[in-house]
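Colleague: Hi! Could you walk me through this one?
Modeller: Happy to, let's bring it up.

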Amino acid sequence: VIISDGEKGSPADDANVRVGEVITKLGHERVDTLNDYTNLISDYETGDSVLLLLKREGGSRFVAIEID
């Protein structure tokens with residue numbers, strides 16, 4: 001899932017998630033499609049923290065974001 005937009009001041013913005021990065025994992029689960037992401041994120045509640053594995057330009061990094 002490619003990040004195509006970001007909201008200023010959002011948890012993703014605070015974690016420095018950037019447009020163009022690709023979410024490849026959410027928690028310990030692989031994300032291949034938007035449907036995968038939607039199903040996985042629905043398991044979390046407001047205030048939960050979730051770990052994302054992001055790829056960009058040949059590198060990857062983990063970021064933790066809080067669900068709002």
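Colleague: How many bridges join strand β1 to strand β3?
Modeller: Four bridges link β1 (residues 22-26) with β3 (residues 49-56), and the two strands run antiparallel. Keep in mind that this is a predicted model.

Colleague: Which residue is the bridge partner of I23 in β3?
Modeller: In β3, I23 is partnered by L54.

Colleague: And what about β3 and β4, how many bridges there?
Modeller: Eight bridges join β3 to β4 (residues 59-66), again with the strands antiparallel. Within that pairing, L51 sits opposite A64 of β4. The two strands make a hairpin with two residues between them. In the turn, E57 has a positive phi of about 50°.

Colleague: Is E57 buried or exposed?
Modeller: E57 is exposed, because its relative accessible area is 75%, and the cut-off for exposed is over 50%. E57 also forms a salt bridge with R56, with the closest N and O atoms 3.6 Å apart.

Colleague: New topic: how many salt bridges are there?
Modeller: The count comes to four. One of them joins the side chains of R30 and D32, at 2.7 Å from N to O. R18 and E21 meet in a salt bridge too, at 3.2 Å. A network of salt bridges links R18, E21 and R61.

Colleague: Why does E21 count as buried?
Modeller: Because E21 has 1% relative accessibility, and buried means under 20%. R18 is partly exposed, at 37%.

Colleague: Which residues gather in the patch of negative charge on the surface?
Modeller: D5, E7, D13, D14, E66 and D68. D5 lies in the segment before α1 (11-14), and D5 counts as exposed at 63% relative accessibility.

Technical notes:
Residues are numbered from 1 along each chain as its sequence is written. This is a predicted model: local features need pLDDT of at least 70, side-chain atom pairs count only at pLDDT 80 or more; totals for chains, interfaces and linings use all residues. Side-chain values use heavy atoms; hydrogens and water are left out. Two strands pair if DSSP finds at least two bridges between them. Patches are made of residues with over 30% relative accessible area and no salt bridge: like charges are joined within 9 Å, nonpolar side chains (Val, Leu, Ile, Met, Phe, Trp, Tyr) within 5 Å. Accessible areas come from the Shrake-Rupley method with a 1.4 Å probe; for residues, only the protein chains shown count as cover. Lys and Arg count as positive and Asp and Glu as negative; His and the chain ends are not counted. The place of a charge is taken as NZ of Lys, CZ of Arg, CG of Asp or CD of Glu. Buried means under 20% relative accessible area, exposed over 50%, partly exposed in between (1.4 Å probe, protein chains only).
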